[in-house]
Structure formats: C-alpha cells, structure tokens
Amino acid sequence: MGDVVQMHFSTPDYVIFALLLVASTCIGLFYALSGGRQRTTQEFLLADRSMSCLPVSLSLLATFQSAVAILGVPSEIYTYGTQYWFLGVSYFLGLLVPAHVFIPVFYRLRLTSAYEYLELRFNKTVRIMGTVTFIFQMVIYMGVVLYAPALALNAVTGFDLWGAVLAMGLVCTLYTTLGGLKAVIWTDVFQTIVMFAGQLAVIIVGAHQAGGMGEVWRKAINGSRIASLDLNPDPTERHTFWTLGVGGVFLMLALYGVNQAQVQRYLSSRTEREAVMSCYVVFPCQQVVLCLGCLMGLVMFARYGEDSPLDKEKTPDMVLYFVMDVFRDLPGLPGLFVACLFSGALSTISSAFNSLATVTMEDLIKPYCPTMTEAKATLLSKGLAFAYGLVCLAMAYTASHMGSVLQAALSIFGMVGGPLLGLFCLGMFFPWANSTGAIVGLVAGLVMAFWIGIGHFVSRMAVPTTLPPIINGTAMPLPSNMTTAESDQVPVCLSRPTGVQALYNLSYLWYSAHNSTTVVIVGLIVSLLTGPMKEKDLTPGTVYPVLGNLLFFLPECYREILCCVTPLPQKKDEDEETATPQPSCRLAHTLQETAL
C-alpha cells in the first residue's frame, strides 16, 4: 500500500488530464464566438431552443453522473455485492413519467425556469419558495462535488489538492460563463465519452490482469457478490428490490422530472418530440453506466478478494487505489481515468452554474425589473454564472474544513429533492390544491426531511458501528448524487428498530418517496380546509389530467367537482414548435410583452 500512496502521475497522465481542461475550454470559446454569440437570454440560458435529441440526452446523463457516483458504485458492489444493480428497474418509470407527464406540461407552457410553473399554478410566493429551496440545495452541493474527488485524488496519488480544485473550478466557470447552455451541453457530450472511455479502460485492463471475465465472474460467485432477488418489504433494509426498484423511482423523478438542471435541457430541445426522445435515449445509456459501475466493482473484488489492503490501511478512496494499482505500469491510463473522474465533476458543476443563473435571473430578478433590456439581462445572466462559479470555489474551501460533516452536506441534496418533487406533483396532479396548501405542504415536507435526515445522522453518531471505509466517509454509492453513503447505511442492530427509531433507519432510497408524499398529503388536507381551487380559476395547461383519465367512469358533474375535466392543450405541429414561441399562459404573455 505504501508504494501506491507514494506513486505520482507521469508526464502522459498530466498531458491527458490537461487535454480534458483545454478541450472543455475550447468548446466554451467556440460557442462564445459563433452563432448568436450568447447575446440573448434565450441563447445563453436555453441554447435558443435549438438542441437535437442526442446531445440533450447525453447531457441529461452526464448532469447527475458525478465523480462521486463514478467512485461510489464500484465501491458498493465490491463491499456488498450486485444487489444495487436492481436500481436499473427504477429507470423505466423514472424516465417514462417525465417523458409523458412533466415534459408536455413544461414544454407547452414555454417556460425558462421550472419555477415559473409554480407561479402559474399557485402564486408568486410559492414560486419564490421553490426557487430559494433549489438554490439552497445546489449551492450546498456544488463545493462538495468538486472537493471530494480532488481530496481522494490527492490522498492516493499526491496530485496537488487545491491545484485540481482551482483548475476544475475556473475552467468550468470560464466555459459556462462564455458559452452558455450550448457549451454546457456539448462539453457534457465530450465528458460523457471520456467517462465511458475511462471506465472501460479500467474494466478491460483489470479483467485481463485477473484472468479474464470468466475468472472475475467465478470469484464473484464464490465470494457471494452476485446477489439474488431480495423481496424483503422492510423499508429499513438498505437495499432490496422494493427499495431500489420502487423507492428509486421517486429518486429518479426528483432528478429527471422537476430538477431545473434537467428541465432546462428539455426546454432547450427543438421540439417536444425531441425532448421526449431524449428521455428514451437516456434509458439505455443509464443502464450501460450502471453496468459499467457494477463490472468495475466485480473486477476489483476479483483482484483483491475479501482481504483488501484498503481495509487495513483505511485508504480514503478504494476505486482510485485500485486504478493506480492496475495501471501502475501503463503510463497515461491513470490520467485517462482521472479525466473520466473529473469529467463527472465538470458536467455536474457546470449544470449547477447554468441552472442557478437561470432561476436567479428568471425568478428573482426579472419579475422585479420589468424594464430591463435584453442586452442587460444577458450580461447579468453571464455575471450570475460567473458569480456562482466563485461561490462553488468558496464552498469547496468550506468543505475542506467540514471533516465528517461532508456527508451531512451531501445528504441535504437528497433531503430537499423529495419535497420539491411533492410540490410539483401537488400542482400538476391535484387540481383542487391551492397556494396555501402548497406553501404549508412544502414547509411540512422540508421539516419532515430534515427531521428524519438529522435524526438519522445523530442516531448513527450515538450507535457505535463498524463501517467499511470506502470513499471519504462515503460508504454507499451516490448514483444520482442524492445522499451520502456512510450516513445512510442502516446500522446493524440485533433487534428491529421501532417507533421513531424505525423512521430514522428508513432506507435512503425511500427518502424522496416519503418526503414528497408528505407534501402532497399535507397540501391536499390544507387545501380542502381552506377552500379548494375551482377549475375556472386554474391557468390553462398547468394541470396534467391524470385524474380525469383515471376517473373516466364518473359522471361529468362529479368529475367537474374534482376539477378533472379540462384536458392538457394539444401538442403543436412541428412547424409551429420550431417557430417563434407563443406562450400559452398569462405569465408568459406578460413576460413577452415586457421583453417587447
């Protein structure tokens, strides 16, 4: 172990890593100097709604395939086996529902920020609450996703910690500020290819050194790492088919259905059909990514077996140790994997910058500055992207002093995602929900999320357990950057937890489902108590008629009482979609008139 820690990058490794940074910067400069040169907010924030299906889908994939996920999934498979692979089952509904429910609503309203929807459906207060919650969620997370892989890299290879943080942070800020969403999407495409190449290189070389994939599979079976279908319904069990396949659906909906970073990509598509197709293309890509992570974990187990030197030396990162060990005689390949690792970080952070600039501009500035010119709005949007880049570096510095609190910061990302999903579902599926119900429901969901999250964290601190060291205190995979590993493992208890303790031991994959359901239930109860909304008061196009479709057998008078008669506006023709956007709602008309 000692010689691996002392191992440093060779010249080819540095060259390959530098090429990643140079290529990403060049893409940003290209879009800053070509086309419309990012002179309008539509071009800077939404790529002029001109993107085709393939780049959008690869960008959707890259946005939440962060460096922490690349490190976390193989570590999970190595330690616990392939049960985690069943998360792939949740991808089906997790991408099908956004494609046929959320995208049609958002796209036909011609939104820029997902939180515009909340004002259309409820009121301005709900919109601002949703926006502030999202900003809090992403700002907390940005520094961690940049700092954590740099820390692991420094511990294993001696690679300069703050050199890596500053290089990645500044390059990311540069191309996001100069090139706008087009640069972010096309760098995501490039970075996705690098991620695939890095993971494939590790699997191919590692499997060859282990004696081939047949030998890898044999050792995995003998080591009990190939998991069978676990149908245990206990929600406190960390990973079962139900937690992964059902609880994972809500986690995926929080990411691919209502998160601004993803919604912005749907809205940048040329047509609604291409936006929907991008979801379908992401599905097989997600399965490939999951399989690559699982294979890396199995190859790692085939090399080390049960007695990994990592367990003895408490190495900060298992996967990077493995990569440096496998590639020790192959100059350039460690650099390729590190480029893969930081491609994941770059894609996540750049998406955060761009989406944060968008919601700040559209939700917090434009409504209060109606006379702002387009040129000034575009310049301010670029300034916001640059400012959030500096905030990211500041958060990375803060993360360096957090120590074990890093996992709590990561958990906050997961805690907030569920309540936001519940808020959008409340508005989109329940026509009688009113603004008071939405506000109280969101607050209740956030309180519940932090109560369970903090209670879980505190109860773990009070119960001494032996946890396997994996990555920077992260002992479970972060497939969607939603929560931490160590803080979300269920402690091994001799007796089954009951009462509040059982709630604290809820599997992290049920967090989104539990918290979003809290928002919906509380929101509906408060709405009924304070006077449900009438259908005539709803903004057209803001409610998806799922109840109308499900309750088709009821007489129309009863369906009208439940506000489930009005259908979603019909999809426009392709020619109309590619023409100048024609907003279909009160707020959009107001914004258009203001712009004129």
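Student: Why is Arg218 called partly exposed?

Tutor: Buried means under 20% relative accessible area, exposed over 50%, and partly exposed in between (1.4 Å probe, protein chains only). Arg218 has 41% relative accessibility, so Arg218 counts as partly exposed. This is a predicted model: local features need pLDDT of at least 70, side-chain atom pairs count only at pLDDT 80 or more, and totals for chains, interfaces and linings use all residues. Residues are numbered from 1 along each chain as its sequence is written, and side-chain values use heavy atoms, with hydrogens and water left out.

Student: What makes Arg218 and Glu215 a salt bridge?

Tutor: A salt bridge needs a side-chain nitrogen of Lys or Arg within 4 Å of a carboxyl oxygen of Asp or Glu. For Arg218 and Glu215, the N to O distance is 2.5 Å. The pair sits three residues apart in helix H10 (residues 213–222), which means about one helical turn between them. Helices are DSSP runs (H or I, at least four residues), numbered from the N terminus.

Student: What is the relative accessible area of Glu215?

Tutor: Glu215 has 24%, so Glu215 is partly exposed.

Student: How do you know that Glu274 and Arg270 form a salt bridge?

Tutor: Their side chains meet at 3.1 Å, N to O. Glu274 has 18% relative accessibility, so Glu274 counts as buried. Arg270 has 36%, so Arg270 is partly exposed.

Student: Why is Gln262 called buried?

Tutor: Its relative accessibility is 0%, so Gln262 counts as buried. Gln262 is found in helix H12 (residues 260–267).

Technical notes:
Helices (H or I, at least four residues) and strands (E, at least two) are DSSP runs, numbered from the N terminus.
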